[in-house]
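Dear colleague,

Please read the notes with the structure open beside them.

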Amino acid sequence: QISSMPLLSMHSRQISWTPLLLLGYLFYLLLGAMVFQLLEKQAETHFRDQFQLEKLKFLQNYTCLDRQALEQFVQVLMEAWEKGVNPEGNSTNPSNWDFSNSFFFAGTVVTTIGYGNLSPSTVAGQIFCVFYALFGVPLNLAFLNQLGKGLNAHLLTLERWVQKPGRAQVQLAIFLTTGTLLFLVFPPLVFSYVEGWSYGEGFYFTFITLSTIGFGDYVVGTNPNKHYISVYRSLTAIWIVFGLAWLALVFNVGADLMERYLQLKWHKSDLSLAEGDTTKLEDEPEQPRIHIPS
């Protein structure tokens, strides 16, 4: 009877660690909100004031314009940008809807990156985009799933080939390092050279793209002052697909390790509580038992 008490106590105290994960998730969001507000709000205020100052200087230099005309022109610029037309340059800028750019856009749709700098403007294009994404997103997920299974099988094969203890971890480290170089380290060098970005900006674009966050503040092949090769954005789209599969595998491994760590910590706390109950029961004197003959 005494040996069964710790198990009952452990099961009665064992609470799912899901609420703890939920609290951690909400705390992480709150922490991110506070940090982003601290870092970005003051800069936004500065840029807003600077923009208003530039508009006043423009009106002072061109007295033939009034504020209402200027605001209307700014609205025209905003609408052009929302339609994917770069206000810089002139009408000789390359089209956003040639085959290479359209191929790149199709890739951003099915991968759910959605930079936001380009979108269909016609009703037919919008309707087609809906149905294209409806079937394309599951197709993309199925493809990435199979690609991820292939990468997992490759890792398992490496583990079977390695006989000595510790060598499997070395092979895994080599695999992750190779993927990091191919998808996160070397591409920013290419983007820095082609787009004129700094390496930090190229790395930022690389990670934001492969993680499917896709803010749209940095997009390849959109500078009207540069001449890109026709397959540049198509090759970038292919790189994105394979990079997505690799980074998704890394994220899945990280999530699995985090989940196991939380479950292990919670399980250890339950065991410690159960052991404390066992010690307390063993310290108590055993109560006399009354034997009733049949």
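Is Arg48 buried, partly exposed or exposed? Arg48 is partly exposed, with a relative accessible area of 43%, where buried means under 20%, exposed means over 50%, and partly exposed covers the range in between (1.4 Å probe, protein chains only).

Please keep in mind that this is a predicted model, in which local features need pLDDT of at least 70 and side-chain atom pairs count only at pLDDT 80 or more, while totals for chains, interfaces and linings use all residues. Residues are numbered from 1 along each chain as its sequence is written, and side-chain values use heavy atoms, with hydrogens and water left out.

Taking a salt bridge as a side-chain nitrogen of Lys or Arg within 4 Å of a carboxyl oxygen of Asp or Glu, the count comes to two. In one of them Arg48 pairs with Glu44, with 3.1 Å between the closest N and O atoms; both residues lie in helix α2 (residues 18-61), four residues apart, about one turn of the helix, helices being DSSP runs of H or I of at least four residues, numbered from the N terminus. Glu44 is also partly exposed, at 43% relative accessibility.

Glu71 forms a salt bridge with Lys55, the closest N and O atoms being 2.6 Å apart. This pair links distant parts of the chain, since Glu71 is in helix α3 (residues 67-82) and Lys55 in helix α2, 16 residues apart. Glu71 is partly exposed at 33%, whereas Lys55 is buried at 8% relative accessibility.

As for disulfides, defined as pairs of cysteine sulfur atoms within 2.5 Å, the count is zero. Cys64 is exposed at 71% relative accessibility, and Cys129 is partly exposed at 21%.

Best regards

Conventions: Helix = DSSP H or I, 4+ residues; strand = E, 2+ residues; numbered from the N terminus.
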